[in-house]
Protein chains: 2
Amino acid sequence: MRGTVLYAPGDVRVEDRPEAAIEKPTDAVIRLTAACVCGSDLWPYRGIEPIDGPRPMGHEYVGVVEAVGSEVTSVKPGQFVVGSFVASDNTCEICQAGYQSSCVQREFIGGAQADLMRVPLADGTLVATPGTPDADLVPSLLAASDVLGTGWFAAVAAEAGPGKTVAVVGDGAVGLLGVLAAKQLGADQIIAFSRHQDRQKLAREFGATDIVTERGDEGVAKIKELTNGLGAHSVIEAVGTQESMMQAIHSTRPGGHVGYVGVPAEVQLPGVELFFSAVHLHGGPAPVRRFLPDLISLIWNRTIDPGKVFDLELPLDQAAEGYKAMDERRAIKTLLRP
Amino acid sequence: MRGTVLYAPGDVRVEDRPEAAIEKPTDAVIRLTAACVCGSDLWPYRGIEPIDGPRPMGHEYVGVVEAVGSEVTSVKPGQFVVGSFVASDNTCEICQAGYQSSCVQREFIGGAQADLMRVPLADGTLVATPGTPDADLVPSLLAASDVLGTGWFAAVAAEAGPGKTVAVVGDGAVGLLGVLAAKQLGADQIIAFSRHQDRQKLAREFGATDIVTERGDEGVAKIKELTNGLGAHSVIEAVGTQESMMQAIHSTRPGGHVGYVGVPAEVQLPGVELFFSAVHLHGGPAPVRRFLPDLISLIWNRTIDPGKVFDLELPLDQAAEGYKAMDERRAIKTLLRP
């Protein structure tokens, strides 16, 4: 079977790999209908995150179940499924509290940019759709696997909802889908930070009421202007840099909520600033599995169309170009078809 | 009138100061019945926090209203009152959301270790008790002004409640009253970190079910042992050092809540560790005013006895000894009688 492998920064190849197979009785193997390139895939691609050898890439996926292990009961061969980027048992105390991405048995998914993939803990990880989806629903269902689920989690963590002003730091696919989530959750005012016209346009389509082009302290000042000097009730952080985290915290009113999902790899939060900001801070790897059933329904009923974030679609064989386009910011997000 | 003034590290004096008086129509002047020394007073006393000149000390207080400005309507001369350590209007949008310590008009109180004190924004800051309290209630009412209100806020921020295991980092007065708050809020299991026998004893009196004497990673391991490997649902952080913050975060299960009230002056939180911990983090200067009416009721009805944290009582004139005893850890908390 074919699959992408990252060999070194900038060097991603599609090559023959060992056929995915059932290894444990709780596994499933799925034949991928679509996969995509995540913003976090760009970290090792750019050499920011070191790799210790060739790495099979991809963790966002939809497909058709090919085979299941002997203990799998909730999905069966032939079903179309969406899964989280973190495998979880969905039964432990942490999962039951809604934190499946921190499941006591969790495994991070890899190798989804391929023809076939083994999914561990299939019962707790995969959700079957009501039937075989129309072709135009596939990108949106694929988005649910990570980028939508992550934007959604950020909006929930930020307590976006009716009566709230929500600000969104980051106009990548996660930030844009954070806008969509805030809208669905009923927020009154949604302010997107963005300097790129195409992304501003998509933010408005997803529900943004205001666009702020300034960043850092100037961006914070704009948010204050728009909120009677108080700051937003809810702020979504979808970047993960020191500047973006501080911009998010400073844009939030005292007692407000910051939902952060950008991996803050290099960030050091100054305790005293956080203390006097009096905000709530919550984030982490999104527990996508918590939201999957609802997100699938919203997509199936055509209430939301998160698939719009894919502005480049390529056959799997051209994965290298898909990475390059995202790296060079020519594409927001690349969908790959095996 | 007499009042304490800090001149330099270790040099706190009781001296004659200008008589407190109404300066604004929203002020009240109160005659202090009791005041006390706060853990945070020890920062400048120890030279950790620099002062830029002689500083009148004290921000925890109970007393009798002596005079009110022309616009004050909610308290009147002769009433016994408890106030927050932060003056607030209690009407702005931030106050109404329960964050009075971040009120748009806030003023930090100073000079409470004195005969008389001016309280700004009296209507939004002071709460009158149902009558003149019995003498034995005074220490508990005084505690409500900061140390109890702060421990209570930490427990609320940590979402302590029924079905929860709560761990408390810090066995100072705030941590001990965090234990009391967690108990009142209905927590099932309350684990206090403490190495001091007298504080362990008080923690148990306040509701601690378990004591852990280990700190840092060893302390975290103990919490994991006591919680089926998962960590506590709720953790109160009442110290404010790098070690104590990380101990609190690592003691919390994914999806759990850390309520932090120790001022983390020197703390830098590593973003990536916070991210993968998947905890909720909330804290800041406690909005004591939010809780004052309920806390006064609980004290008035003799449901709680937070005044037990005062293990040293001195006349105001001996304030210097009160500071010294706390600095040398001979006392948990010093009450001063003008």
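Reader: Which residue in S2(A) does Leu6(A) stand opposite?
Author: In this predicted model, Leu6(A) stands opposite Val12(A) in S2(A), strands being DSSP runs of E with at least two residues and helices runs of H or I with at least four, numbered from the N terminus. Local features need pLDDT of at least 70, side-chain atom pairs count only at pLDDT 80 or more, and totals for chains, interfaces and linings use all residues. Residues are numbered from 1 along each chain as its sequence is written, while chains are lettered from A and ligands numbered from 1 in the order in which they are written.

Reader: And how many bridges join S1 to S2 in chain A?
Author: Six bridges join strand S1(A), residues 2-8, to S2(A), and the two run antiparallel; strands count as paired if DSSP finds at least two bridges between them.

Reader: What is the strand order of that sheet?
Author: The sheet is open, with three strands in the order S2-S1-S4 (chain A) and antiparallel pairing. Strand S2 (11-16) and strand S4 (55-56) of chain A each have a single partner strand, so one side of each is left without a neighbour in the sheet.

Reader: Switching to chain B, which strands pair with S6(B)?
Author: Strand S5(B), residues 61-68, is joined to S6(B) by three bridges and runs antiparallel to it, with Val62(B) opposite Val82(B). Strand S10(B), residues 126-128, also pairs with S6(B) in the antiparallel sense over three bridges, and there Ala128(B) is the bridge partner of Val81(B).

Reader: Where do the residues of S6(B) point?
Author: Phe80(B) and Val82(B) point one way, whereas Val81(B) and Gly83(B) point the other way. In a regular strand the side chains alternate between the two faces of the sheet.

Terms used:
A residue is buried if 20 or more other C-beta atoms lie within 10 Å of its own, exposed if 12 or fewer, and partly exposed in between; C-beta atoms are placed from the backbone.
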